[in-house]
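Hello,

Here is the structure I promised to pass on to you. Have a look at it first, and then read my notes below.

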Amino acid sequence: MAQHRVQQWATFARMWWLYDARWQCPFQSAPVIIRHLQGLHKPIYHPLSDVGDHVVVINTEHIAMEGDLWRNWRHFHHTGYPGGFSATRVWKVHEADPTKVLHKQIYSTVKGNLLRRPIMARLHLYPDDNVPEDILKNITGQIRQLREVPKRLDEYTQDERDAFPRLFEWPADYVPNPGKKTVKS
Amino acid sequence: MSHATIPSGFVKSALQNGAGRYVCQLQRLTLVFCKSSGGSRGLRDFVEKHLLEFTQKNPGVVVYLQPRRHRPPKLVAEYLNGRREEIPVATHNDETICQWVNHLRTHSGNETVRLRKTWHTDTPSIQGPWTPFTNKDTRLNVTQLPSEELSRFQPTEPSATEKLLRLAEQLRAKDAVKGGGETGTPV
């Protein structure tokens, strides 16, 4: 019946989600994005039916990593030839391509079967918030961020800084101890 | 016999028969029998003893009697939906044939199938099937995306900074009650 045909279109319609990666951890964001890419968040999910959504990720160049991971986490590559192995620090990868860290993290988190390529094709990564108009007009929902975006000191007004509670006032001539690297004058 | 070879289907009635009035689905009943052979004895008894009563009670059913020499007796029922059902009744007595005739009279005419489910409904869900927009907040209809409000992380408990500010607020309120500036702490 005609009405059932239209109901079928409505049920299996693909949503386009937007995710703001500013100050977000790629390791924690990847499983959440993959859930939407595979359609696992839908009550009609079945592994044999193609019900995945599109996810548009913006501000990927502003992702955050914990601790020393920007220096210590490495991306590996092997050309296939002898001696073709290379390991690159993730800050270097991020400098060359601001979308690559998140892309590789999501790609490696998706299960490595034949569905991985079509799932990745539904992912759209943008280094900043300049998204093409034809992509932006599809967006129908937004995924919440997983962490609070911290506020820098210069983003507070002078009044807010003055009103912040203090136990005591620093002396006017106080110089904080810079640690071991004391500059000898 | 495997289940795949038996026709399967769902519970259904002929055009919701009986929901308002009942229409007998049996339209024609043909009794095929032999006048002489012993196998048709039961059917001949049925014709003599019960057939007249049956036709009087069911004026909507056409009954044909078809004597055929040396043929096995059978009941042939034809239904409103066009299906036809044959029941061989050789060596059956007249009471058994009465039961078979009653079965054919009350039958819907639909094929006897293995039921895949013991229930059936034309409206499986009153709400309608799920769509991506089911139970979505209606604010989404008028919100311009990307929206800062919809993207922001929602903490489940206050942060340490918020707790500290709240504590300072309480202390300041307490100082204000005391007379202010007595403690001298620059809270």
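R166(A) has a relative accessible area of 39%, so it is partly exposed (buried means under 20% relative accessible area, exposed over 50%, and partly exposed in between, with a 1.4 Å probe and protein chains only). Its salt-bridge partner is E169(A), with the closest N and O atoms 3.3 Å apart; a salt bridge here is a side-chain nitrogen of Lys or Arg within 4 Å of a carboxyl oxygen of Asp or Glu. E169(A) is partly exposed as well, at 48%.

Before I go on, a word on conventions. This is a predicted model, in which local features need pLDDT of at least 70 and side-chain atom pairs count only at pLDDT 80 or more, while totals for chains, interfaces and linings use all residues. Residues are numbered from 1 along each chain as its sequence is written, chains are lettered from A and ligands numbered from 1 in the order in which they are written, and side-chain values use heavy atoms, with hydrogens and water left out.

Back to the salt bridges: the whole structure has 17 of them over all chains. In one, D50(A) pairs with R14(A), and the closest N and O atoms are 2.9 Å apart. D50(A) sits in the loop between α2 (26-38) and β2 (54-58) of chain A and R14(A) in the loop between α1 (2-11) and β1 (16-20), so this pair ties together parts that are 36 residues apart in sequence. (Helices, H or I with at least four residues, and strands, E with at least two, are DSSP runs numbered from the N terminus.) R14(A) is partly exposed at 33% relative accessibility, and R14(A), D50(A) and R122(A) are linked in a network of salt bridges.

Another salt bridge joins E66(A) and R147(A), at 3.1 Å from N to O. E66(A) lies in the loop between β2 and α3 (69-72) of chain A and R147(A) in the loop between β6 (141-143) and α8 (158-163), so parts 81 residues apart in sequence are tied together. E66(A) is partly exposed at 47%, and R147(A) is partly exposed at 26%.

Now to the inside of chain A.

What about open space? The second largest pocket holds about 360 Å³. On a 1 Å grid over the protein atoms alone, a pocket is an open set of points where a 1.4 Å probe fits, with protein on both sides within 12 Å along at least five of seven lines, and lining residues have an atom within 4 Å of a point. Grid points are joined across faces, edges and corners, and the volume is the space filled by probe spheres set on the points. Its lining includes Y156(A), F164(A), S159(B) and L165(B), and α8 of chain A and α5 (160-178) of chain B each supply at least two residues.

The largest pocket has about 540 Å³ of space. Among the lining residues closest to its centre are D20(A), R22(A) and E148(B).

Best wishes
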